[in-house]
Amino acid sequence: MSQSTKNYYLPGPSFWPLIASIALFLIFGGFALALNQIGSGKPLMIAGVLVFVYLLHGWFGEVIKESVSKVYNKQVDLSFRWGMGWFIFSEVMFFFGFFGALFYARNVSLHWIADAQLLWPGFVASWPSAGPKLVLEGSIGPWGLPAINTLLLLTSGATLTWAHWGLMKNNRNQLTIGLVLTILLGFAFVLLQAHEYGENVFTIKSGIYGATFYMLTGFHGLHVTMGAIMLTIILLRVRSGHFDAHNHFGFEAVAWYWHFVDVVWLFLFIFVYWL
Amino acid sequence: MSTATAKHDDHGHDSHGHPTGLMRWVKSTNHKDIGTMYLWFSFTMFLFAGAMAMGIRAELFQPGLQFFQPQVFNQLTTLHGLIMIFGAIMPAFVGFANWQVPLMIGAPDMAFPRLNNMSFWLLIPAALLLVASIFVPGGAVAGGWTMYPPLAIQGGLSMDMSIFALHILGVSSIVGSINIITTIFNMRAPGMTLMKMPMFVWTWLITAYLLIAAMPVLAGALTMMITDRHFGTHFFNAAGGGDPVLFQHVFWFFGHPEVYIMILPAFGILSTIIPTFSRKPLFGYASMVYATTAIAVLSFVVWAHHMFTTGMPVAGQLFFMYSTMLISVPTGVKVFNWVATMWKGSMTFETPMLFAVAVVFLFTIGGLSGLVCAILPVDIQVQDTYYVVAHFHYVLFSGAAMSIMGGVYYWLPKWTGHMYDETLGKWHFWLTTIAFNVTFFPMHFTGLAGMPRRIPDYSQQFAEFNMISSYGAFALGLSQLLFLYVVIKCIKGGAKAPASPWEGAHGLEWTVPSPAPFHTFETPPVVK
Amino acid sequence: MNKRTILSFCTVFLSFLASSSVQAEYALNLRAPVTEIATQIYDLHMLIMYVCIAIFIVVFSIMFYSLYKHRKSAGHKAVQFHEHHMLEVVWTIIPALILIGMAVPATKTILAMKDTREADMTIKATGHQWKWEYEYLGKDVRFISTLATPQEQIHNTAPKGEHYLLEVDNPVVVPVGKKVRVLLTAQDVIHAWWVPSFGVKQDAIPGFIKETWFRVEKEGTYRGQCAELCGKDHGFMPIVVEAVSEEKYNEWIASKKAAAAEAAASGDKEWSKDDLIANGKTVYEKNCAACHQANGAGLPPAFPALTGSKIANGPIADHLHIVLNGKNVMPHWKELLNDVEIASVVTYERNGLGNSVGDVLQPAQVKAAR
Ligand code: HEA
Ligand code: HEA
Ligand code: CUA
Ligand SMILES: [Cu+2]
C-alpha cells in the first residue's frame, strides 16, 4: 500500500495516528477528571497509558521494520535527522520556560515582594526562599549528591560516545559494553536523584524554591528516565543486529537526546544547586 | 476541501489501492487529504466560535443584561477567543501548508506522512475537551483566552480540561512544524534553492520556527498553572514567593509570536495572490524574506507590550515600547512591496484579488492601531478596552481570516477541479468587507471613549456604537454562511478548471492537473 | 437599522474622516483630560493618530491610483520590474525616522508618569472581587466602595439612570491641585484601577504593591472602571473620584473619622435581634449578594448557597470564623467590616435567607473572636 519511488519512501495508510489521538485523549481527559476527584478519571488515565504504550510499541515497531527492510534511502534518513534535531530544540524551549521562571522569581519578583512591606512586614528577599508566608526547611547545595550525579551523567555521555565509536568501527563488543555502561549510569543517576528527593525536607509545596527546584529537576529526571529506556531499546536492537557502521540513525537520535539531557543537567547544576 | 472524487491514479507499484470511505480519512497519509481535513475542521470551528461571537454581540446589543448571566458571558468571550485562535485560524493555515507546500516545492508528500496525520487527529481530542468543558459543572473557562492567574486558578474542572486541550494542541503544532520544516529543507525539487522558493513556503518555514520555539513555552506556563492548581506549588502566588505576573511573562513570550504565527502565512498568501493578478513578479522578493525573518526574530523580544499596565520598571517599559515600535518597519516593507507589486501591473479583480487588496488595506489599519497601542502612554488609556478589540480583529479577521478566504478562492480550482461561482464569490467578498467594518470600526471609538473589554454590560454612552457593531456582526455572520455555500457548490460542480486557471499564476502547483491527482511529483520536477 | 443609528453612523464616519473636532458628543475620542499626564497622553494620541492617518493616506492613495490606472480592463500592460534597491532602502529608513519622532515625546511622558516622588498624600487602593477598598494612609480613613446601581436597572426592570454602572456608594475624595500617590494591590485576583480622565491605569496585583499618581486640576466627579478581567462581576466594579477643594476635603476626612468613631462606639453596646437583622440585610446586600445572591441561593458550584447551608445553620462560632477568615475564594472580612457589621450579617444569615436558627451574634463576641 505504501509507495516508494526511487526518491522517497512514503508510508501507506496507518491507524497509529488515530490511536495516538485516542491515547492522549484518555490520558489528558482522565487526568483532568482525576485532578478534580472524579471517580472515572484514574481508570481512564490508566487505560490511556496502556494504549499509549501499545502505540509506541506498534508504531516504532513498524518504523523499525521499515528501517531494517531498507526501504529508507539517504533522503529519508536526512528527514529523520532534521526531525529529531528540531524536536530536541522544542524540548530546549520547554526547559527554557522553566529556567525563565526561576530567574524571574529569584532575581526580580522576590525583591518586589520584599519591597511591599505594607503587605509583608519584615520579609527580606534572599535565595533560597519560600516567600513571606511559608517556611523553607532546608535546601540543597551542589557538592554532595548533585556533584556525584553530575559526574555520573558526564561519564555516561562519554561512554555513549565511546559506544558510538565502537559502532562506527564495527566493534560490537565496544558498542555493547559502552551502551550497557551508559544505561547503568543513567539508572544510577535516577536512583540517586530519587534518593535525594527522599532526603530533602522541603517539598514542591515549599514556596517558589521548592516549586522551581522540583519542576526543573523533576522534568529533567523524567527525561533521563525516558532516555535510559530508549537506550535500553537501542541495546536490544543492537543485539538483534539492527545497526551497522553506516546505517544507525536510531542510535544517533537517542544519543543526541542523551547529550541534550546532559546539557540541561549542567544548567540545572549551575543554576539550581550551585549559584 | 478537495473533492470526494479525487481520482486514485493508478501507479504501477501501488497495487493495493487506497482505503475508501471513512478509512481513507482516518488512516490517511496523503498530504492533500489531510489538508482537506484540516480545512474543514477549521471551518467548523470558525462557525462554532463565530456563533459564540454572535452571542457576545447579542448580549452587547443594548445596555443591561439580556440573554446571559455575566459568568456565561465571560465563558463565551473566552471560548470564542480560544477556539478562533487555536481551532480556526491556526488549523486553517496548517491546512494550506499541507496542500500547498508539497505542491509548491515539488515534493511527493510531507516528510513524515504518518506524523502529519497524527497532527490532525490530535486536534479532535483537543476540540472535544474544549467543547465538552461547556457542559461540566461550573461551565466553561471564563478567565479570558489569556487565562491569567489567580483568576484562572479559581476555575473548576473546565479549566483543567482547557489546559490539557492546549497541551494537546501544542503537541500537534510542534509535530506539525517539525514536519513542515523538514519537508521544506529536505524535499525541495532539484534546482529549487531557498531563494527560489515561493513566498508562501518561506513564510510557513518561518512560522514553523515560531511555533517550535513558542508552543513549548506555553506548555511550560500551563504546566505551572496545573501544579499551582493541584499540587501546591506557588509559582503565581506571592505568599509563597511567586508572582502572578510571571505567568503573563511566560504566556506572552508565547503569545506575541503566536499572533505572528497567525499573520505570516497570511502574508505568504497575499504575496502569492497579488503577483498573480497583477501579472507581475513579486516586488522585492529578497527584502520580503528578510522582513519576514526580522518580524519573527523581533517577535520574541516585544512580549511585554501586553503588560504595560502591570507596573514594570521604567527600563522594561521603554525597552518593550521601542522594540514593539520597531516591528512596524519590516511590516511596512511588506506593505510597500505589495503596493509596488501592483504598481504598473495589469490587474484584474477576481475574488481572491479582491480579498488580497482588502487585506492589505484593512490589515494596515489594524497594524497602525497596533502601533498606537505600542505607544506606552497611549496604551495606558486603551489597554483592556475595545480599542484593543478593534486592533486585533483588524489584524486577525481582516488580516488572517480574510487572507484565508482569499487563499481558499485562489486554490479552490486546484483542489476541487471546478471553478467557484465568481458572482457569489464577489457577493461574499463585499458583504464580508462591509459588514466587517461596520462591526469593528466603531470599536475604536468605544474603546477610546473608555469602554472596557470583557464586560457583559456597559454604561449608556456606548449604546449607539454597540448597536451598530451588533448589526454588523450579525450581517458578518450570515455572510459566512454564503461562503460555506460557495465552497460546497464548487466541490459539487461548476465549470471545469484547467491546470492553471489564473492567467498570471506561476509555480509548480499549476503544472499538475486540476483537481490535483492523489499523488503528485513522484518524480521530482526540475526547477531551473 | 433604525434611522437614528444610520444617521449617527454616517456622522461618525464623516467626522472621523474630516478628523476635525471629533469629541465629546459622540464619545469618539479619549475623555477630556483633567491632569497634566492625561493631557500629554491626549496630545500624544492625537499626534500619533494624525501621523498614522497621513501614512495611511499616502500609501493607499498610491495603491488606489494603481488599482485604477493599472487595470487590465483599462488596457494597461504589466511592466516586469521586481526590484529597486534605493526605493527599498528609503522606505525602510523613513518609517524608522518617523518612529523615532514618535518615541521621543512618548519617552518623556513615560518618565513623568513613573515619577511618584514627593507626593502630597497617599491612598492605598485594594481590589476585591468585586469592590474597591480605600485606605488613606496616615489619616486613619478606610472604606469600601461598591457599585450603587440597583439590580433592577441592570436586569432591565427599571429605567437606567444617568450614571448607570458608573456610580458607587462611597466615592474617593481628593483635593484638587495635590499630588496624590496611589498604592495598588489586590486581595484575590488581578484588578486594574483606571480613571480615564486622569490618564491613570494600573493593575492591582495580589501580594504586590504597584504605584501610580495623579494631580487633578479641575473640581469634578470622575468615573472609571476596573480594567482587568477579574471574574463574574468584572463589569460591575466602577471607580468614582471626587476632586474637591482643600476645605471640602478636610471636612470630608473629618466626617469619615466621626462616622468611624460612631461605628466603634455602637459596637460596645448590646444590639437587639431585630436591629441586627435589619442592619445585616444592608450589609449582606452590599457585600455578600454578589456571590451568595440576594436570596441566599448562591451560584453553585462556584458559590455555595447560604439558605440551608450547614455552616449558616451550624455552630455560630464556625460561621463567624469563615466570615472573619475566609476560605479559598471566600474573602476574609476581618479588615473590611467592623464588629457591628459582621455581627449583623451573621445574625441576618442565620435568621433570614430562609434560615431560622434563632440565635444572635453580638458585636462584642466578634471583637473577642478577632
Ligand atoms: C495577527 C495578529 C496580530 C498582529 C499582526 C499584530 C500586530 C501588532 N500588534 Fe497586536 N495584538 C493582537 C494580534 C496582532 N497584533 C492580539 C490578538 C492582541 C490582544 C491580545 C489580548 O489581550 O487578548 C494584540 C494586542 C496588542 C497590544 C497590547 C494592547 C493592550 O492590551 O494594551 C499591542 C501593544 O503594543 C499591540 C501592538 C501591535 C503592533 C505594534 C503590531 C505590528 O506588528 C503592526 C505593524 C504594522 C503596521 C505598523 C502597519 C503597516 C506599516 C506601514 C504602512 C509602514 C509605515 C508605518 C509607520 C512608520 C508607523 N498589539
Ligand atoms: C482569529 C480570530 C478571531 C475572529 C475571526 C473573530 C471574529 C469575531 N469576533 Fe472576536 N475575538 C478574538 C478572536 C477572533 N474573533 C479574540 C482572541 C478575542 C479575545 C477573547 C478574550 O478577551 O479572551 C475576541 C473577542 C471578541 C469580542 C470582545 C468580547 C469581550 O471582550 O467581551 C467581540 C465583541 O464583539 C468579538 C466579536 C467577534 C465577531 C462579531 C466576529 C465575527 O467576525 C465572527 C463571524 C463569524 C460567524 C458569525 C460564524 C458564521 C455564522 C454562523 C455560525 C451562523 C450563525 C449566524 C448568525 C446567528 C447571524 N470578539
Ligand atoms: Cu476587578 Cu475587573
Ligand atoms: Cu503582541
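Helices (H or I, at least four residues) and strands (E, at least two) are taken as DSSP runs and are numbered from the N terminus. On this basis chain A holds 7 helices and 2 strands, and its elements follow the order β-β-α-α-α-α-α-α-α from the N terminus on. The structure is a predicted model, in which local features need pLDDT of at least 70 and side-chain atom pairs count only at pLDDT 80 or more, whereas totals for chains, interfaces and linings use all residues. Residues are numbered from 1 along each chain as its sequence is written, chains are lettered from A and ligands numbered from 1 in the order in which they are written, and side-chain values use heavy atoms, with hydrogens and water left out.

The C-alpha trace of chain A spans about 75 × 45 × 30 Å along its principal axes. Of the 275 residues in chain A, 50% are buried, where buried means under 20% relative accessible area, exposed means over 50%, and partly exposed covers the range in between (1.4 Å probe, protein chains only). With contact defined as heavy atoms within 4.5 Å, 70% of the contacts in chain A between residues at least 6 apart in sequence join residues at least 24 apart.

The interface of chain B and chain C brings 103 residues of chain B into contact with 95 residues of chain C. The size of an interface is often given as the accessible area lost when the parts come together. Here buried area is the accessible area (1.4 Å probe) that two parts lose on being put together, summed over both, and between chain B and chain C it amounts to about 8,500 Å², with 71% given by carbon and sulfur atoms. Within the area that chain B buries against chain C, F283(B), F336(B) and Q381(B) supply 8%, more than any other three residues.

A salt bridge requires a side-chain nitrogen of Lys or Arg within 4 Å of a carboxyl oxygen of Asp or Glu, and 1 salt bridge is found between chain B and chain C; it is formed by the side chains of E503(B) and K72(C), at an N to O distance of 2.7 Å. A polar contact is a pair of N or O atoms within 3.5 Å, of which, within protein, one must be able to donate a hydrogen and the other to accept it, while residues adjacent in sequence count only if both atoms are side-chain atoms; 28 residue pairs, both members at pLDDT 80 or more, are in polar contact between chain B and chain C. Helix α12 (residues 328-342) of chain B provides the largest share of the side of chain B that touches chain C, namely 9 residues. By residue class, with Ala, Val, Leu, Ile, Met, Phe, Trp, Tyr, Cys and Pro taken as nonpolar, Asp, Glu, Lys and Arg as charged, and the others, Gly among them, as polar, that side of chain B divides into 61 nonpolar, 31 polar and 11 charged residues.

The interface of chain A and chain C involves 7 residues from chain A and 8 residues from chain C, and the area buried between them is about 580 Å², of which carbon and sulfur atoms give 82%. W112(A), L118(A) and L119(A) supply 69% of the area that chain A buries against chain C, more than any other three residues. Between these chains 0 salt bridges are found, and 1 residue pair, both members at pLDDT 80 or more, is in polar contact. The side of chain A that touches chain C consists of 6 nonpolar residues, 1 polar residue and no charged residues.

Several local features complete the description. H249(B), in helix α8 (residues 244-261) of chain B, is buried at a relative accessible area of 14%, and, not counting residues up to four places away in sequence, it touches Y104(A), W303(B) and M307(B). A cis peptide bond with omega of about 0° joins W127(A) and P128(A), P128(A) being placed in the loop between α3 (74-115) and α4 (145-168) of chain A.
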